[in-house]
Amino acid sequence: MTTTRNKTYDMICVAMFAVIMAVCSWISIPTLVPFTMQTFALFLAFGVLGGKRGTLVVVIYVLLGAVGVPVFAGFSSGLGVLMGTTGGYVLGFLLSGLLYWSLERLLGEKIWVRALSMVLGMVTYYVFGTIWFMVVYTQNTGAIGLSAVLGWCVFPFLLPDSIKLVLALILSDRLKKIVKKSGWE
């Protein structure tokens, strides 16, 4: 009974956070790389659900978008979005999840581990996404310098993403306490 309840709980939580991530990606300011609340949902999923279930959230989110469910920024979807210039940032979320999961397994679930994992996860999706952007942009448009890509895709997002990370860390810490008190976990 407990195993069934835990699996059901996991499925509900993962599905719920995949939906939250989609809704947060729709809250956007369109630019070359849209400003969205998507990274807030990403950090919140990791913080509340942990690395394993948080990574499953990202997998489901990416798969939904890949098959045509409009879960990405601007209600977009499809492999074209994932293979486009900004798709590397979304795919980088998967690497962030795997990194978070690994650090959680190695160092535990302490608040400083969660904070470090989120910061390193942010660096991971920035690095992966920036490399991806440069490769795809160069193939489709022509050569581009690293400083231009950083100016378009990273520097404008550092402060907003850092604020979202801190807010998600604080909120996830409180939500974890509520979940534990409710007996759901």
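Val19 is located in helix 1, which spans residues 2-26. In this predicted model, Val19 contributes to a nonpolar surface patch of about 530 Å², together with Val23, Trp26, Ile27, Met37 and Phe75.

The unreviewed UniProt entry assigns the feature "transmembrane region" to residues 12-29, 35-51, 58-75, 81-103, 115-137 and 149-171. Two of these segments were examined for their secondary structure. Residues 35-51 are 82% helix and 12% strand, with 24 Å between the end C-alpha atoms. For residues 115-137, the corresponding values are 100% helix and 0% strand, and the end C-alpha atoms lie 32 Å apart.

Arg114 belongs to helix 5, formed by residues 111-140. Because its relative accessibility is 5%, below the 20% limit, Arg114 is classed as buried. A polar contact of 3.1 Å links the side chain of Arg114 to the side chain of Asp173. Leaving aside residues up to four places away in sequence, Arg114 is in contact with Gly47, Tyr100, Glu109, Leu169, Ser172, Asp173 and Lys176.

Tyr125 is also placed in helix 5. With a relative accessibility of 2%, Tyr125 is likewise counted as buried. When residues up to four places away in sequence are excluded, Tyr125 touches Thr39, Leu42, Phe43, Tyr89, Gly92, Phe93, Ser96 and Asp161.

Terms used:
Residues numbered from 1 in each chain as written. Predicted model: local features only at pLDDT ≥ 70, side-chain atom pairs only at ≥ 80, totals over all residues. Heavy atoms only, no water. UniProt positions renumbered as here; feature names shortened; annotations may be inferred. Helix = DSSP H or I, 4+ residues; strand = E, 2+ residues; numbered from the N terminus. Buried < 20%, exposed > 50% of the residue type's maximum accessible area, 1.4 Å probe, protein only. Polar contact = N/O pair within 3.5 Å; in protein donor to acceptor, adjacent residues only side chain to side chain. Contact = heavy atoms within 4.5 Å. Patch = residues over 30% accessible without salt bridge, like charges linked within 9 Å, V, L, I, M, F, W, Y side chains within 5 Å. Areas by Shrake-Rupley, 256 points an atom, 1.4 Å probe, with all protein chains shown as cover. Salt bridge = Lys/Arg side-chain N within 4 Å of Asp/Glu carboxyl O.
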